Amino acid sequence: MEKRRDFIKKVAITSASVVAGNSLFGMSAKSYRNIIGANERIHMAIIGLNGRGTSMAGTFARQKDAEILTLCDVDTRVFAKALKSVADNKQINVPKTEGDCRKVMQDKNIDAIYIATPDHWHAPLTIMGCNAGKHVYVEKPLSHNPHEGELAIAAARKHNRVVQMGAQRRSAPILTEGIQQLHEGIIGRVYYAKTWYTNERKATFLKPGTPPAELNYDLWQGPAPRLAYQDGLIHYNWHWVWHWGTGEALNNGTHEVDVARWGLGVDYPVKVTSSGGRYAFKDDWQTPDTQVVTLEYPDRKMIMWESSSVNGRKIEGDDRGIIFYGENGSLSTGNDAYKVFDLKGKLVKEVGPKAKEEALQGRNTASVSLGMDSMHVADFLDAIRNNRKPNCDVEIGHKSIIGMQLSNIAWRVGRELHLDPKNGHILNDPEAQKLWKRSYEPGWEPKV
(Lines give C-alpha, C1' and ligand atoms only; values in the text may rest on other atoms or scores of the structure.)
Protein backbone atom coordinates (compact mmCIF):
# COMPACT_ATOMS: atom_id res chain seq x y z
CA MET A 1 0.00 0.00 0.00
CA GLU A 2 1.34 3.41 -0.95
CA LYS A 3 2.28 5.82 1.79
CA ARG A 4 -0.38 8.45 2.33
CA ARG A 5 1.71 11.39 1.18
CA ASP A 6 2.55 9.61 -2.08
CA PHE A 7 -1.06 8.57 -2.56
CA ILE A 8 -2.37 12.10 -2.10
CA LYS A 9 0.35 13.51 -4.35
CA LYS A 10 -0.75 11.14 -7.09
CA VAL A 11 -4.38 12.22 -7.10
CA ALA A 12 -3.67 15.93 -6.65
CA ILE A 13 -1.37 16.01 -9.65
CA THR A 14 -1.41 19.19 -11.73
CA SER A 15 -1.90 19.26 -15.45
CA ALA A 16 1.65 20.48 -15.98
CA SER A 17 3.32 17.64 -14.11
CA VAL A 18 5.36 14.94 -15.78
CA VAL A 19 5.43 11.54 -14.13
CA ALA A 20 8.17 9.05 -14.86
CA GLY A 21 7.48 5.35 -14.60
CA ASN A 22 6.73 2.09 -16.29
CA SER A 23 4.17 1.83 -19.07
CA LEU A 24 0.78 0.28 -18.41
CA PHE A 25 -0.29 0.37 -22.01
CA GLY A 26 2.33 -1.47 -23.99
CA MET A 27 4.91 1.24 -24.72
CA SER A 28 7.29 3.26 -22.58
CA ALA A 29 6.41 6.76 -21.42
CA LYS A 30 9.44 8.03 -23.33
CA SER A 31 8.33 6.50 -26.61
CA TYR A 32 4.78 7.75 -26.08
CA ARG A 33 6.02 11.32 -25.72
CA ASN A 34 7.43 10.98 -29.21
CA ILE A 35 3.76 11.01 -30.26
CA ILE A 36 2.54 13.68 -27.83
CA GLY A 37 5.55 15.76 -26.91
CA ALA A 38 6.20 16.98 -23.40
CA ASN A 39 5.44 20.55 -24.48
CA GLU A 40 2.64 19.78 -26.92
CA ARG A 41 -0.98 20.35 -26.12
CA ILE A 42 -3.41 17.46 -26.14
CA HIS A 43 -6.02 18.25 -28.77
CA MET A 44 -9.58 17.65 -27.55
CA ALA A 45 -13.08 17.33 -28.94
CA ILE A 46 -16.03 17.94 -26.62
CA ILE A 47 -19.06 15.85 -27.61
CA GLY A 48 -22.41 16.73 -26.02
CA LEU A 49 -22.78 20.36 -24.99
CA ASN A 50 -25.98 20.76 -23.03
CA GLY A 51 -25.28 21.77 -19.44
CA ARG A 52 -22.51 19.45 -18.31
CA GLY A 53 -20.64 19.47 -21.61
CA THR A 54 -20.48 23.25 -21.82
CA SER A 55 -19.27 23.47 -18.21
CA MET A 56 -16.55 20.91 -18.88
CA ALA A 57 -15.56 22.64 -22.11
CA GLY A 58 -14.58 25.55 -19.89
CA THR A 59 -12.70 23.21 -17.56
CA PHE A 60 -10.68 21.71 -20.42
CA ALA A 61 -10.06 25.17 -21.88
CA ARG A 62 -8.39 26.19 -18.61
CA GLN A 63 -5.82 23.42 -18.83
CA LYS A 64 -2.49 24.72 -20.09
CA ASP A 65 -1.58 21.43 -21.78
CA ALA A 66 -4.88 20.95 -23.62
CA GLU A 67 -6.62 22.69 -26.49
CA ILE A 68 -10.18 22.16 -27.68
CA LEU A 69 -10.22 21.79 -31.45
CA THR A 70 -13.87 20.80 -31.92
CA LEU A 71 -17.21 21.26 -30.19
CA CYS A 72 -19.72 18.64 -31.30
CA ASP A 73 -23.46 18.38 -30.73
CA VAL A 74 -26.57 17.33 -32.62
CA ASP A 75 -28.34 20.57 -31.60
CA THR A 76 -26.90 23.70 -33.20
CA ARG A 77 -28.55 25.94 -30.59
CA VAL A 78 -25.93 25.01 -27.99
CA PHE A 79 -22.82 26.09 -29.90
CA ALA A 80 -22.88 29.79 -28.99
CA LYS A 81 -22.90 29.13 -25.24
CA ALA A 82 -20.18 26.47 -25.51
CA LEU A 83 -17.95 28.75 -27.60
CA LYS A 84 -18.39 31.49 -25.01
CA SER A 85 -17.44 29.04 -22.22
CA VAL A 86 -14.20 28.21 -24.05
CA ALA A 87 -13.38 31.86 -24.68
CA ASP A 88 -14.23 32.90 -21.12
CA ASN A 89 -11.73 30.33 -19.88
CA LYS A 90 -8.85 31.89 -21.80
CA GLN A 91 -8.48 29.61 -24.82
CA ILE A 92 -7.33 31.89 -27.60
CA ASN A 93 -8.02 29.68 -30.60
CA VAL A 94 -11.68 29.29 -31.51
CA PRO A 95 -12.83 25.63 -31.84
CA LYS A 96 -14.74 24.58 -34.90
CA THR A 97 -18.27 23.24 -34.49
CA GLU A 98 -19.47 19.89 -35.78
CA GLY A 99 -22.87 18.19 -35.77
CA ASP A 100 -21.78 14.59 -36.41
CA CYS A 101 -19.56 12.72 -33.95
CA ARG A 102 -18.50 10.30 -36.66
CA LYS A 103 -16.62 13.12 -38.39
CA VAL A 104 -14.84 13.86 -35.10
CA MET A 105 -13.57 10.28 -35.08
CA GLN A 106 -12.13 10.75 -38.57
CA ASP A 107 -10.13 13.84 -37.57
CA LYS A 108 -6.53 12.71 -37.10
CA ASN A 109 -5.66 15.97 -35.33
CA ILE A 110 -7.80 15.07 -32.32
CA ASP A 111 -5.99 13.12 -29.60
CA ALA A 112 -8.83 12.69 -27.12
CA ILE A 113 -12.58 13.11 -26.77
CA TYR A 114 -14.78 14.13 -23.87
CA ILE A 115 -18.31 12.64 -23.81
CA ALA A 116 -21.31 14.26 -22.12
CA THR A 117 -24.07 12.84 -24.31
CA PRO A 118 -27.18 10.96 -23.14
CA ASP A 119 -26.40 7.63 -21.46
CA HIS A 120 -27.26 5.44 -24.46
CA TRP A 121 -24.35 7.05 -26.34
CA HIS A 122 -21.67 6.73 -23.62
CA ALA A 123 -20.25 3.28 -24.32
CA PRO A 124 -20.78 3.30 -28.11
CA LEU A 125 -18.88 6.61 -28.36
CA THR A 126 -16.18 5.35 -26.00
CA ILE A 127 -15.71 2.29 -28.20
CA MET A 128 -15.76 4.39 -31.37
CA GLY A 129 -13.17 6.69 -29.86
CA CYS A 130 -10.83 3.86 -28.86
CA ASN A 131 -11.24 2.25 -32.29
CA ALA A 132 -10.26 5.58 -33.88
CA GLY A 133 -7.17 5.90 -31.69
CA LYS A 134 -8.59 8.57 -29.36
CA HIS A 135 -8.27 8.67 -25.59
CA VAL A 136 -11.61 9.08 -23.85
CA TYR A 137 -13.03 10.94 -20.86
CA VAL A 138 -16.63 9.71 -20.56
CA GLU A 139 -19.13 10.99 -18.05
CA LYS A 140 -20.86 8.58 -15.73
CA PRO A 141 -22.36 6.14 -16.25
CA LEU A 142 -19.75 4.44 -18.41
CA SER A 143 -22.46 2.43 -20.16
CA HIS A 144 -26.19 2.03 -20.59
CA ASN A 145 -26.06 -1.68 -19.68
CA PRO A 146 -23.50 -4.18 -18.29
CA HIS A 147 -22.64 -5.72 -21.66
CA GLU A 148 -21.59 -2.36 -23.06
CA GLY A 149 -19.32 -1.80 -20.07
CA GLU A 150 -17.45 -5.00 -20.83
CA LEU A 151 -17.11 -3.94 -24.48
CA ALA A 152 -15.71 -0.55 -23.41
CA ILE A 153 -13.04 -2.27 -21.30
CA ALA A 154 -12.15 -4.53 -24.22
CA ALA A 155 -11.85 -1.55 -26.59
CA ALA A 156 -9.63 0.42 -24.21
CA ARG A 157 -7.30 -2.52 -23.67
CA LYS A 158 -7.18 -3.60 -27.32
CA HIS A 159 -6.19 -0.13 -28.52
CA ASN A 160 -4.09 0.88 -25.50
CA ARG A 161 -6.19 3.97 -24.83
CA VAL A 162 -6.64 5.95 -21.63
CA VAL A 163 -10.32 5.88 -20.67
CA GLN A 164 -11.41 7.90 -17.65
CA MET A 165 -14.97 7.80 -16.25
CA GLY A 166 -16.23 11.05 -14.76
CA ALA A 167 -16.23 9.99 -11.11
CA GLN A 168 -14.52 13.19 -9.95
CA ARG A 169 -14.23 12.16 -6.31
CA ARG A 170 -11.52 9.69 -7.34
CA SER A 171 -9.25 12.71 -7.87
CA ALA A 172 -10.22 14.65 -4.73
CA PRO A 173 -7.15 14.73 -2.44
CA ILE A 174 -8.84 15.06 0.96
CA LEU A 175 -11.46 12.41 0.18
CA THR A 176 -8.67 10.18 -1.07
CA GLU A 177 -6.91 10.69 2.25
CA GLY A 178 -10.11 9.62 4.01
CA ILE A 179 -10.32 6.45 1.93
CA GLN A 180 -6.68 5.75 2.68
CA GLN A 181 -7.46 6.19 6.38
CA LEU A 182 -10.20 3.57 6.03
CA HIS A 183 -7.79 1.17 4.37
CA GLU A 184 -5.29 1.76 7.17
CA GLY A 185 -7.89 0.84 9.79
CA ILE A 186 -8.98 4.15 11.33
CA ILE A 187 -12.39 2.62 12.20
CA GLY A 188 -11.32 -1.02 12.15
CA ARG A 189 -12.77 -3.49 9.69
CA VAL A 190 -15.21 -1.63 7.43
CA TYR A 191 -18.26 -3.72 6.62
CA TYR A 192 -21.08 -1.40 5.51
CA ALA A 193 -21.55 1.83 3.55
CA LYS A 194 -24.79 3.79 3.54
CA THR A 195 -25.24 6.21 0.63
CA TRP A 196 -28.05 8.54 -0.41
CA TYR A 197 -29.27 11.19 -2.83
CA THR A 198 -32.16 13.66 -2.57
CA ASN A 199 -33.68 16.20 -4.94
CA GLU A 200 -36.91 18.09 -5.70
CA ARG A 201 -37.67 16.98 -9.24
CA LYS A 202 -41.08 17.79 -10.66
CA ALA A 203 -43.55 15.72 -12.66
CA THR A 204 -42.64 14.98 -16.28
CA PHE A 205 -45.24 14.77 -19.02
CA LEU A 206 -44.30 13.89 -22.58
CA LYS A 207 -46.45 14.42 -25.66
CA PRO A 208 -46.10 13.82 -29.39
CA GLY A 209 -44.27 16.55 -31.19
CA THR A 210 -41.99 17.52 -34.05
CA PRO A 211 -38.22 17.85 -33.59
CA PRO A 212 -37.01 21.44 -33.89
CA ALA A 213 -35.13 22.25 -37.08
CA GLU A 214 -31.91 22.80 -35.11
CA LEU A 215 -31.94 19.26 -33.69
CA ASN A 216 -30.78 16.18 -35.60
CA TYR A 217 -33.09 13.80 -33.75
CA ASP A 218 -32.07 10.77 -35.80
CA LEU A 219 -28.44 11.24 -34.79
CA TRP A 220 -29.47 12.04 -31.20
CA GLN A 221 -30.96 8.53 -31.08
CA GLY A 222 -27.83 7.08 -32.70
CA PRO A 223 -27.36 3.48 -31.50
CA ALA A 224 -30.84 3.23 -29.93
CA PRO A 225 -33.67 1.74 -32.02
CA ARG A 226 -35.80 4.53 -33.44
CA LEU A 227 -38.77 5.89 -31.50
CA ALA A 228 -40.99 8.86 -32.35
CA TYR A 229 -39.98 12.27 -31.02
CA GLN A 230 -41.77 13.56 -27.92
CA ASP A 231 -41.91 17.09 -26.58
CA GLY A 232 -40.38 17.25 -23.09
CA LEU A 233 -37.91 14.41 -23.61
CA ILE A 234 -34.87 16.41 -24.75
CA HIS A 235 -32.55 17.61 -23.31
CA TYR A 236 -32.96 16.11 -19.83
CA ASN A 237 -36.01 13.94 -19.22
CA TRP A 238 -34.66 11.07 -21.31
CA HIS A 239 -32.96 10.11 -18.01
CA TRP A 240 -36.26 8.61 -16.81
CA VAL A 241 -37.02 6.52 -19.92
CA TRP A 242 -35.32 3.09 -20.08
CA HIS A 243 -34.78 3.27 -23.84
CA TRP A 244 -32.20 6.04 -23.41
CA GLY A 245 -31.65 6.58 -19.69
CA THR A 246 -30.69 4.66 -16.58
CA GLY A 247 -32.72 6.46 -13.90
CA GLU A 248 -31.51 8.19 -10.76
CA ALA A 249 -29.55 5.07 -9.77
CA LEU A 250 -26.97 5.73 -12.48
CA ASN A 251 -27.60 9.44 -13.00
CA ASN A 252 -26.56 10.26 -9.44
CA GLY A 253 -26.17 7.07 -7.43
CA THR A 254 -23.02 6.27 -9.39
CA HIS A 255 -21.03 8.94 -7.54
CA GLU A 256 -21.72 7.76 -4.00
CA VAL A 257 -21.67 4.04 -4.77
CA ASP A 258 -18.30 4.44 -6.48
CA VAL A 259 -16.84 5.98 -3.31
CA ALA A 260 -18.51 3.31 -1.17
CA ARG A 261 -17.05 0.50 -3.26
CA TRP A 262 -13.64 2.21 -3.15
CA GLY A 263 -13.73 2.50 0.62
CA LEU A 264 -14.95 -1.05 1.20
CA GLY A 265 -12.38 -2.45 -1.22
CA VAL A 266 -14.91 -4.59 -3.12
CA ASP A 267 -15.38 -5.43 -6.79
CA TYR A 268 -18.52 -7.28 -7.91
CA PRO A 269 -21.58 -7.98 -5.74
CA VAL A 270 -22.99 -11.43 -5.01
CA LYS A 271 -26.59 -10.29 -4.43
CA VAL A 272 -28.63 -7.23 -5.42
CA THR A 273 -32.05 -6.08 -4.22
CA SER A 274 -34.02 -3.02 -5.31
CA SER A 275 -37.32 -1.69 -3.97
CA GLY A 276 -39.23 1.45 -4.85
CA GLY A 277 -41.31 3.00 -7.58
CA ARG A 278 -42.80 6.12 -9.09
CA TYR A 279 -44.62 7.06 -5.91
CA ALA A 280 -44.91 10.84 -5.86
CA PHE A 281 -46.49 11.48 -9.27
CA LYS A 282 -48.49 9.72 -11.96
CA ASP A 283 -46.63 10.89 -15.02
CA ASP A 284 -44.32 9.65 -17.77
CA TRP A 285 -41.34 8.55 -15.66
CA GLN A 286 -40.53 4.86 -16.20
CA THR A 287 -37.76 4.76 -13.59
CA PRO A 288 -38.27 5.02 -9.79
CA ASP A 289 -38.37 8.37 -8.02
CA THR A 290 -38.02 6.59 -4.68
CA GLN A 291 -35.65 3.66 -4.45
CA VAL A 292 -33.65 1.64 -1.93
CA VAL A 293 -30.87 -0.58 -3.27
CA THR A 294 -28.71 -3.09 -1.40
CA LEU A 295 -25.54 -4.55 -2.89
CA GLU A 296 -24.05 -7.47 -0.95
CA TYR A 297 -20.40 -8.39 -1.52
CA PRO A 298 -18.10 -11.23 -0.50
CA ASP A 299 -16.45 -11.12 2.92
CA ARG A 300 -19.59 -9.83 4.70
CA LYS A 301 -19.75 -6.35 3.20
CA MET A 302 -22.69 -4.34 1.92
CA ILE A 303 -23.60 -1.02 0.27
CA MET A 304 -27.02 0.59 0.60
CA TRP A 305 -28.21 3.46 -1.63
CA GLU A 306 -31.36 5.45 -0.90
CA SER A 307 -32.88 7.84 -3.42
CA SER A 308 -35.57 10.47 -2.90
CA SER A 309 -35.74 12.31 -6.20
CA VAL A 310 -38.85 14.37 -5.47
CA ASN A 311 -38.40 15.30 -1.80
CA GLY A 312 -35.34 17.35 -0.95
CA ARG A 313 -35.30 16.72 2.81
CA LYS A 314 -31.65 16.18 3.66
CA ILE A 315 -30.28 13.04 5.28
CA GLU A 316 -27.64 13.53 7.98
CA GLY A 317 -27.73 17.21 7.04
CA ASP A 318 -26.65 16.63 3.42
CA ASP A 319 -28.53 16.17 0.17
CA ARG A 320 -26.10 13.40 -0.79
CA GLY A 321 -23.37 11.50 1.00
CA ILE A 322 -21.70 8.32 2.25
CA ILE A 323 -21.23 6.88 5.73
CA PHE A 324 -18.82 3.99 6.30
CA TYR A 325 -19.45 1.78 9.32
CA GLY A 326 -16.61 -0.16 10.95
CA GLU A 327 -15.86 -2.18 14.05
CA ASN A 328 -14.54 0.87 15.92
CA GLY A 329 -16.57 3.76 14.54
CA SER A 330 -17.73 5.45 11.35
CA LEU A 331 -16.47 7.81 8.66
CA SER A 332 -18.73 10.15 6.70
CA THR A 333 -17.98 11.99 3.48
CA GLY A 334 -19.57 13.46 0.39
CA ASN A 335 -17.27 15.78 -1.49
CA ASP A 336 -13.64 16.57 -0.73
CA ALA A 337 -13.82 16.25 3.08
CA TYR A 338 -14.43 13.63 5.76
CA LYS A 339 -15.35 13.17 9.43
CA VAL A 340 -14.52 10.30 11.76
CA PHE A 341 -16.74 9.27 14.71
CA ASP A 342 -16.35 6.73 17.50
CA LEU A 343 -18.90 3.98 18.20
CA LYS A 344 -21.01 6.37 20.28
CA GLY A 345 -21.18 8.90 17.46
CA LYS A 346 -18.69 11.35 18.97
CA LEU A 347 -16.70 13.34 16.40
CA VAL A 348 -13.02 12.49 16.80
CA LYS A 349 -11.56 13.88 13.56
CA GLU A 350 -12.65 16.30 10.85
CA VAL A 351 -10.78 17.25 7.69
CA GLY A 352 -12.45 19.87 5.52
CA PRO A 353 -12.08 21.15 1.97
CA LYS A 354 -9.08 23.31 1.18
CA ALA A 355 -10.91 25.35 -1.44
CA LYS A 356 -13.81 27.61 -0.47
CA GLU A 357 -15.69 26.66 -3.63
CA GLU A 358 -15.90 23.06 -2.39
CA ALA A 359 -17.44 24.15 0.90
CA LEU A 360 -19.89 26.61 -0.64
CA GLN A 361 -20.74 24.85 -3.89
CA GLY A 362 -24.20 23.50 -3.07
CA ARG A 363 -26.24 21.79 -5.78
CA ASN A 364 -25.03 22.51 -9.29
CA THR A 365 -26.55 20.54 -12.13
CA ALA A 366 -23.61 21.19 -14.46
CA SER A 367 -20.83 20.42 -11.99
CA VAL A 368 -20.76 18.45 -8.77
CA SER A 369 -17.67 20.46 -7.90
CA LEU A 370 -15.63 22.71 -10.14
CA GLY A 371 -12.46 21.97 -8.18
CA MET A 372 -12.84 18.20 -8.41
CA ASP A 373 -13.64 18.53 -12.12
CA SER A 374 -10.35 20.31 -12.68
CA MET A 375 -8.33 17.73 -10.75
CA HIS A 376 -10.01 14.83 -12.55
CA VAL A 377 -9.37 16.42 -15.95
CA ALA A 378 -5.74 17.10 -14.98
CA ASP A 379 -5.35 13.45 -14.00
CA PHE A 380 -6.79 12.34 -17.37
CA LEU A 381 -4.40 14.55 -19.32
CA ASP A 382 -1.41 13.43 -17.27
CA ALA A 383 -2.38 9.79 -17.78
CA ILE A 384 -2.31 10.36 -21.55
CA ARG A 385 1.12 12.00 -21.39
CA ASN A 386 2.62 9.30 -19.22
CA ASN A 387 0.83 6.28 -20.64
CA ARG A 388 -0.70 5.17 -17.35
CA LYS A 389 -4.14 4.29 -16.04
CA PRO A 390 -6.15 7.27 -14.76
CA ASN A 391 -7.74 7.52 -11.32
CA CYS A 392 -11.08 6.21 -12.57
CA ASP A 393 -9.91 3.83 -15.27
CA VAL A 394 -12.57 2.20 -17.45
CA GLU A 395 -12.47 -1.02 -15.43
CA ILE A 396 -12.91 0.83 -12.13
CA GLY A 397 -15.85 2.70 -13.65
CA HIS A 398 -17.45 -0.52 -14.87
CA LYS A 399 -17.19 -2.17 -11.46
CA SER A 400 -18.76 0.88 -9.83
CA ILE A 401 -21.79 1.14 -12.10
CA ILE A 402 -22.60 -2.52 -12.69
CA GLY A 403 -24.14 -2.90 -9.24
CA MET A 404 -26.56 -0.06 -9.94
CA GLN A 405 -27.33 -1.39 -13.41
CA LEU A 406 -28.11 -4.73 -11.81
CA SER A 407 -30.28 -2.98 -9.23
CA ASN A 408 -32.37 -1.53 -12.06
CA ILE A 409 -32.65 -4.97 -13.61
CA ALA A 410 -33.72 -6.39 -10.23
CA TRP A 411 -36.36 -3.67 -9.92
CA ARG A 412 -37.68 -4.29 -13.43
CA VAL A 413 -38.07 -8.04 -12.93
CA GLY A 414 -39.32 -7.64 -9.37
CA ARG A 415 -36.91 -9.85 -7.44
CA GLU A 416 -33.41 -10.04 -6.02
CA LEU A 417 -30.59 -11.15 -8.27
CA HIS A 418 -27.81 -13.59 -7.44
CA LEU A 419 -24.50 -12.92 -9.16
CA ASP A 420 -21.11 -14.34 -9.97
CA PRO A 421 -18.66 -12.39 -7.75
CA LYS A 422 -15.90 -12.80 -10.35
CA ASN A 423 -17.65 -10.63 -12.97
CA GLY A 424 -21.13 -9.63 -11.76
CA HIS A 425 -22.91 -11.88 -14.24
CA ILE A 426 -26.50 -12.87 -13.40
CA LEU A 427 -26.97 -16.46 -12.22
CA ASN A 428 -29.97 -18.67 -13.03
CA ASP A 429 -32.41 -15.98 -14.14
CA PRO A 430 -33.07 -15.99 -17.90
CA GLU A 431 -35.63 -13.16 -17.70
CA ALA A 432 -33.19 -10.84 -15.94
CA GLN A 433 -30.39 -11.91 -18.26
CA LYS A 434 -32.34 -10.47 -21.20
CA LEU A 435 -31.73 -7.00 -19.71
CA TRP A 436 -27.95 -7.55 -19.52
CA LYS A 437 -27.68 -6.00 -22.98
CA ARG A 438 -29.87 -4.01 -25.34
CA SER A 439 -30.93 -4.08 -28.98
CA TYR A 440 -29.48 -1.52 -31.40
CA GLU A 441 -30.57 0.34 -34.47
CA PRO A 442 -29.30 -1.74 -37.41
CA GLY A 443 -25.83 -0.62 -38.40
CA TRP A 444 -25.14 1.00 -35.01
CA GLU A 445 -24.08 -2.08 -33.06
CA PRO A 446 -20.88 -1.28 -31.07
CA LYS A 447 -17.90 -3.31 -32.26
CA VAL A 448 -14.45 -3.61 -30.72
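In this predicted model, the charged end of Arg278 sits over the ring of Trp285, 3.9 Å from its centre; a charge sits over a ring if NZ of Lys or CZ of Arg is within 6 Å of the ring centre and within 35 degrees of the ring normal. Because the model is predicted, local features need pLDDT of at least 70 and side-chain atom pairs count only at pLDDT 80 or more, while totals for chains, interfaces and linings use all residues. Residues are numbered from 1 along each chain as its sequence is written, and side-chain values use heavy atoms, with hydrogens and water left out.

Rings can also pair with one another: those of Phe, Tyr and Trp (its six-membered ring) do so if their centres lie within 6.5 Å, and planes under 30 degrees apart count as stacked, over 60 as edge-to-face and the rest as tilted. By this rule there are twelve aromatic pairs. One of them joins Phe60 and Tyr114, a tilted pair with 5.6 Å from centre to centre and 55° between the planes. Phe60 belongs to helix α3 (residues 52–61) and Tyr114 to strand β4 (residues 112–115), so that the pair links distant parts of the chain, 54 residues apart; helices (H or I, at least four residues) and strands (E, at least two) are DSSP runs, numbered from the N terminus. Both Phe60 and Tyr114 are buried, which means under 20% relative accessible area, whereas exposed means over 50% and partly exposed in between (1.4 Å probe, protein chains only).

Tyr114 also pairs with Tyr137, and because the ring centres are 5.3 Å apart and the planes at 55°, this pair is tilted. Ring pairs link Phe60, Tyr114, Tyr137 and Phe380 into a cluster.
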